Structure formats: C-alpha cells, structure tokens
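Reader: Please take one part of this model and go through it closely. I would like the cut-offs behind each term as you use it.

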Amino acid sequence: MSAASRRWVAADGAHLDVRGLKPPEPMVAILSMIDGGAEKTAFTVHLERDPVFLYPELAERGWIATPVAADPGEVRLRLERAR
Amino acid sequence: MAVAATFLAGAGSRLLPPSIPFRFFGAAVTFHVVAWLAAMAGAGQVPAFAGGLGWPLAALHAVTLGVLAMTAIGASLQLFPVATRRPIAHAGLAAAVFWTYVPGVAAVVVGMGLPSPALLGVGAVAVALALVVFVVLFALNLSGAKGMPLVVAHGAVAAVSLAATLATALAVVAAYTLGAPVDRATMVALHLALAGYGFMGMLALGLSYVLVPMFALAESPPAHRAWASFALATGALALSVPAALGVLPGVLGVAAAGFGAVAAILHVQLMRETLSRGLRRELGIGFRLARIAWGALVASLVLALLLALDVPWPRLPTLFGATLIAGWLLSFVLGILQRIVPFLASMHAARGKHRPPTPSSLTAEQPLRAHFRLHVAALALLAAGILAGNGSLVLAATAAGTVGALAYAGFFATAVRRMTASIIDAGRLNR
C-alpha cells in the first residue's frame, strides 16, 4: 500500500484516506485493504473524486459502495461486503 | 442504489453513454476481420510489399485506421476525461466523428484494394475531417487536464503526431488521385514514423502508465524513469522527421532508432516491474498478448535500426512494417481491448443496480483463448512468409488471422449482449 494513504479507526469503524495519491494508487490502496484481509466487512474511504474504475473491482470481490455525506471537494464511500 | 448512484452522481460527466465507446470498439472488431480478409486477397504480394495501391495496402490501413485508430478514438474519448478530470464536452461531436470516420475508412480500404483512386480520395477526405474533429476534442480535453502530466504529455505528442500524420496522408492521396507533385517515398517514410510511433505508439505508451497498473493493481511506475522514456521517445520522433526528409538520413535515422529502442526498453522494463509488483497475479490472456506486443515493439526498433544502416535485404521494410503494425500495435490493442471491454461494460451495466455484474461475468474466455492461439500463429506464419518470400505461408497466416478475428468478434458480441441484457434488466426493475 502507498505510504501516503492514511488509516484510522473512528466510532463508525475503519477509515482510509487516499486523497493526494495519483491514479491508480487510490484504487490499489483500497483493494489492498480488502484483499489483504485488513478489513473483512466494511470501512469508509475518503477520495478526491469518484473512483469510476474501482466499482468493477469491488463487484468482482463481492463488495458494494454507498456514497455518504462528505466535506466539499471530497467523495466519501462506505464500502461493505455484500450479504 | 449504492454503486449506480455513485456513478450517476459523480462520474456521469466523465462517462460517455456506452453506445459511443462501444460503437468504436465494435467497428474496430469488424475491421479486424476485414483486415485479415484484405491481406488474404493480397497474400501473394505481401512478402515483397513495399507500398503502392492494392490489397496489402488496404489490409495495412484496415488495421491502422480501422482497428488501431478506431480503438484509440473510442478509448481516448472514454479514458482521457477520467484521467484528466475534465468533463466530456461535445458528446454529440464524438458520435459525429464515428459516422464520418467509419464510412471514410471503409472507402479508403476498398479504394486502396480495388484500386480506385476516386473512392480512396473521397474516403481520405472523410477520414481527415473526422480525425481533425477528434484531434480538436482530444486537444481541448488535454488543455484543461488537472492531473496525470505524464499521460497528458504522451497524449499531446500523440495529438501533434496525428495532425502531422494526416498532412502526410493527404499529400500521398493527392499524389494518387490528382497526380500532385509529391515525393511519395519521403511522405510515406514520415507517415509511417508519425502514425506508428507518434500517434498510436505514444498513445499506447501513455495510456499504459494508467491501464497497466490499474489492471495489475500495482502502484504507478517510478515517475523519473517514465519521464526519461517519454523524453527519449519524443527525441526519437523529432529526429526521425529530418531523417525522413533526407537531412543526414544515416546519422539521424540511426540516432532516432537508437533513442526509440532505449525508450522502448525502458518502458517495457517499467511495465514488467509493474506487473511483477501488482496484487493481481493472474493477468489473463490479454496481458500475454501485451507481453508479445512489447517484444515486438523492441524488435521493430531493432529492424528500424537495420533499415537506417541500409542493410541490403529487400524484404526488410516489409518485415519491419509487419513487426511494428501487427506484432506491436495490433497485439497490444487487442490485448488491452479485451480487458477494457468487460470492465467498461460492467461500469455501464451497473446503472440502476445494487450489485452490478462483474467484469468476469460479462467476458467470454473461450473465444479469447482461441483468438490468442490463432493470432500468435498468424504472426509467426506472417513473419515466416515474409522471411522466406513465400505467399503460401502468408495465405496460411491470413486464414489463421481471419478465424482468430472472428473469435475475437464472438467475445465482443457476447460482452455487449450481456451488458445490454443487464441494462434492460435494470430498467425493468426500476420501472
């Protein structure tokens, strides 16, 4: 995973901030978190823009993305393993 | 609503309606079949082909205009706005490009094959008009790019090369149709370098810096080495222009081929490192084609070096052209396209669905496996036919290539059918 991504745990679970990374590193960081088993059920990601190429990869892994409220200029997604 | 809502809210402005990129891809897949059939019609002339109207030239342009540029336009219209973070403007013009370009390419191919200079002239004007509009759309997108300077730089060199390629193409067509006093050999040499390595080559190298890490799930290659490859490749192109125009052709031609070879080796090394570091271990048949293509890219520049050194072998230019166009560019485009199609299809089929179909559920592995074997066989037979000066081997190559191209068309039709069914299904659910 890129050293520039930030990870923390809040009341609503784990968060991953990939803002500032150049494509496709945000996608790689997010999928590393899923594939590496660091987060098994759900986490929130903070991005600069809508990760259009991430969705097929999430679908391939059986995960779904839901937009959540975010600060201006930020895209925030709740990623969850589909039930 | 999860994925679909995110798409429509955030990415809608950067995603074209699926009909636009997919119509370009569909046309490219069709011209792929046409190209092998045209080569079959002129198989006997291929080993000694050194330019001039006829079916070998028609086959060459069915590949370059019909498959390579067609795919490049469809992919650029869709991928560059995502890479540059610039919304798509003038989607209607993109559709107009298609309806001008496709009949134009068909007329050029048939006009070259028959040959019919009048039909070739009409087709060339339509192709030129469509490509001018495309270059303007492409340049507008690049001019406001908000990121990915490396990709943008490659795109800019590709755009300039395309404009220059068009100028040389129109000069040659004017010589054929109007008898214009043009030094055809010089224009053809310029045309080949600018189209093969300038437009298509730089676009392929530039988009690789996004697509290869994306599909391999790897971090981007080290920027300083990628920029070094870009600088060397641009320098090689710049040197090839005066060399083609007859300015110190020996010295500058050798320097251009040498710079180009070093740039290509650097790029291929970066791509290999990216693949080896990627999270995805199984990269599929598409990347096996890409690896063959990278080998052919380097081989084409070694052959270019031999040409610049005036190595006295009459079939060297033909082998060089086949290695550059079929070995490098065609293999690469077909390899990447088979990854892009199910990926984009999944993105579009996601609209209105809580759980979108996966790319793997939209693809068709069996025809792709058949295509891979037949494409490799076709390349090997084509090279053997040129080396041996044997038209029968070339004929066998074109038969393998045609069946392979039909298999590829089967893959594409399956992906589009599954995507369309998924979109219709989502529409029913949302009603």
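Author: Two strands are taken to pair if DSSP finds at least two bridges between them. Strands (E, at least two residues) and helices (H or I, at least four) are DSSP runs, numbered from the N terminus. The model is predicted, so local features need pLDDT of at least 70 and side-chain atom pairs count only at pLDDT 80 or more, while totals for chains, interfaces and linings use all residues. Residues are numbered from 1 along each chain as its sequence is written, and chains are lettered from A and ligands numbered from 1 in the order in which they are written.

The buried residues of α2(A) are Leu54(A), Tyr55(A), Pro56(A), Glu57(A), Leu58(A) and Ala59(A). Gly62(A), just after the helix, has a positive phi of about 80 degrees.

Strand β4(A) covers residues 63-68. Its partner is β5(A), residues 75-81; the two run antiparallel and are joined by six bridges. Together β4(A) and β5(A) make a hairpin, with six residues separating the strands. In that turn Gly73(A) takes a positive phi, about 80 degrees.

Terms used. A residue is buried if 20 or more other C-beta atoms lie within 10 Å of its own, exposed if 12 or fewer, and partly exposed in between; C-beta atoms are placed from the backbone.
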